[in-house]
Amino acid sequence: MNEEQKLADFEARIERGEIIEPKDWMPERYRRQLIRMMSQHAHSEYVGMLPEGNWITRAPSLRRKMVLLAKVQDEAGHGLYIYSATETLGIDRKELLDQLLNGTAKYSSIFNYPSLSWADMGTIGWFVDGAAIVNQTMLAKSSYGPYARAMIRICKEENFHKKQGYEIITTLANGTAEQKKMAQDAVNRWWWPSLMMFGPTDKESPNSAELMKWKVKIKSNDELRQRFVDLTVPQAKAVNLTLPDPDLKLNEETGHWEFGHINWQEFYNVIKGNGPMNKERLKARNEAFEKGKWVREAALAYAKKHNN
Ligand code: BYC
């Protein structure tokens, strides 16, 4: 088969809903798009440990500390699954990590915001993991097998994460006036950045058309953002917290919650590296990498000794 026939064959497979596996023929562009998206996702999990890691030593009880510790550890695991899945596309993890550590790779905008109070642990689980579930439930049906399979397990764990976050928020929202204020303040700060997690509007999204044609993404950025809003508004009402958007209103005809204008200038500013915490996040990851050098060397030496 020539290249044209191979492409037609590949697209026919996608059309039939077949799953593409690492050794199957794929267009170079499909491979590159997956490496881009999956590595950004792996980096997000890896950097995403930092805002919550910041509160492990200050959790208000032993139970909360154990749960948060387990959650942050899960995020590291998610990073590992997705780095491994990305390696099936013929790229080395070391190269991907280098790109993260030297600041040339992207990771989710959301992790460039600071976690200022204990209530942020609730809001991150509720909003950030909640948004991730909406996005990743779709990605579990993605056309690339290793990515889709990683998403199934990740989504199961994210469901626990979301519940632990909502539980923290429910406790605070039903607590003292001060606790309720703390919960509301966290909701006010994390709401808009959470909506930005889904990426630019469909009109402004350069990659969506190609990714949807090849069923890497099954739903568009705007469709997923809307689903997240529709799911979250009733949850906020149930705990008597207000979402910081005066334009939120239910459209009785469509059944969807309409929402106000997203500050896209802020989004682009954050993904260009100028968000409130971009520099600190990269610094923390670089320091951790340096501090872990002796562990990597020891592990390699051990493996060498015992494999010989
Ligand atoms: N942040 O054409 P578009 C977690 C970039 S972690 C930064 O729409 P696409 C968790 C985009 O990359 C889970 N950059 O792109 C962990 C592109 O730039 P390049 C995080 C963003 O790929 C710890 C440009 O903007 N989830 O759950 O079609 C604790 C144009 O965008 C963002 C994932 O990573 C953003 N928010 O769609 C708690 C999901 N949005 O590459 C929780 C996997 C867009 O052309 N990724 N950009 O230079 C995806 O689903 C898709 O890649 C996106 C973007 C929806 C994010």
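**Exercise 1. The ligand site**

Task: In this predicted model, find how many residues surround the ligand and which are the closest.

Solution:
- Step 1. Count the surroundings: the ligand has 37 residues around it.
- Step 2. Pick out the closest: these are Arg36, Gln40, Lys106, Ser205 and Lys217.

**Exercise 2. Polar atoms at the ligand**

Task: State which part of Asn135, the side chain or the backbone, supplies the N or O atom that lies 3.1 Å from an oxygen atom of the ligand. Then treat Met196 and Pro206.

Solution:
- Step 1. For Asn135, the N or O atom belongs to the side chain.
- Step 2. For Met196, a polar backbone atom is 3.4 Å from a nitrogen atom of the ligand.
- Step 3. For Pro206, a polar backbone atom is 3.3 Å from an oxygen atom of the ligand.

**Exercise 3. Helices α2 and α7**

Task: Decide why α2 and α7 count as roughly parallel to each other, and describe their contact.

Solution:
- Step 1. Helix α7 covers residues 145-173, and its axis is 13 Å from that of α2, at an angle of about 25°.
- Step 2. Angles under 35 degrees count as roughly parallel, therefore α2 and α7 are roughly parallel to each other.
- Step 3. The crossing is left-handed.
- Step 4. From α2, Met37, Met38, His41 and Glu45 meet Tyr147, Met151, Ile154 and Glu158 of α7.
- Step 5. Sorted by type, the residues of this contact are five nonpolar, one polar and two charged.

**Exercise 4. Helices α2 and α5**

Task: Describe how α2 and α5 cross and which residues make the contact.

Solution:
- Step 1. The axes of α2 (residues 28-47) and α5 (residues 93-101) come within 11 Å and cross at roughly 65°.
- Step 2. This crossing is right-handed.
- Step 3. Ile35, Ser39, His43, Tyr46 and Val47 of α2 touch Leu96, Leu97 and Leu100 of α5.
- Step 4. Six of the contact residues are nonpolar, two are polar and none is charged.

Note on methods. Residues are numbered from 1 along each chain as its sequence is written. This is a predicted model: local features need pLDDT of at least 70, side-chain atom pairs count only at pLDDT 80 or more; totals for chains, interfaces and linings use all residues. Side-chain values use heavy atoms; hydrogens and water are left out. Axes are lines fitted to C-alpha atoms, for helices over the stretch in contact, and angles run from 0 to 180 degrees between N-to-C directions. Helices (H or I, at least four residues) and strands (E, at least two) are DSSP runs, numbered from the N terminus. A crossing is left-handed if the near helix is turned anticlockwise from the far one by less than a right angle, and right-handed if clockwise. Contact means heavy atoms within 4.5 Å. Ala, Val, Leu, Ile, Met, Phe, Trp, Tyr, Cys and Pro count as nonpolar, Asp, Glu, Lys and Arg as charged, and the others, Gly among them, as polar. Angles under 35 degrees count as roughly parallel, over 145 as roughly antiparallel, 65 to 115 as roughly perpendicular and the rest as oblique. A residue is near a molecule or strand if one of its heavy atoms lies within 4 Å of it. A polar contact is a pair of N or O atoms within 3.5 Å; within protein, one must be able to donate a hydrogen and the other to accept it, and residues adjacent in sequence count only if both atoms are side-chain atoms.
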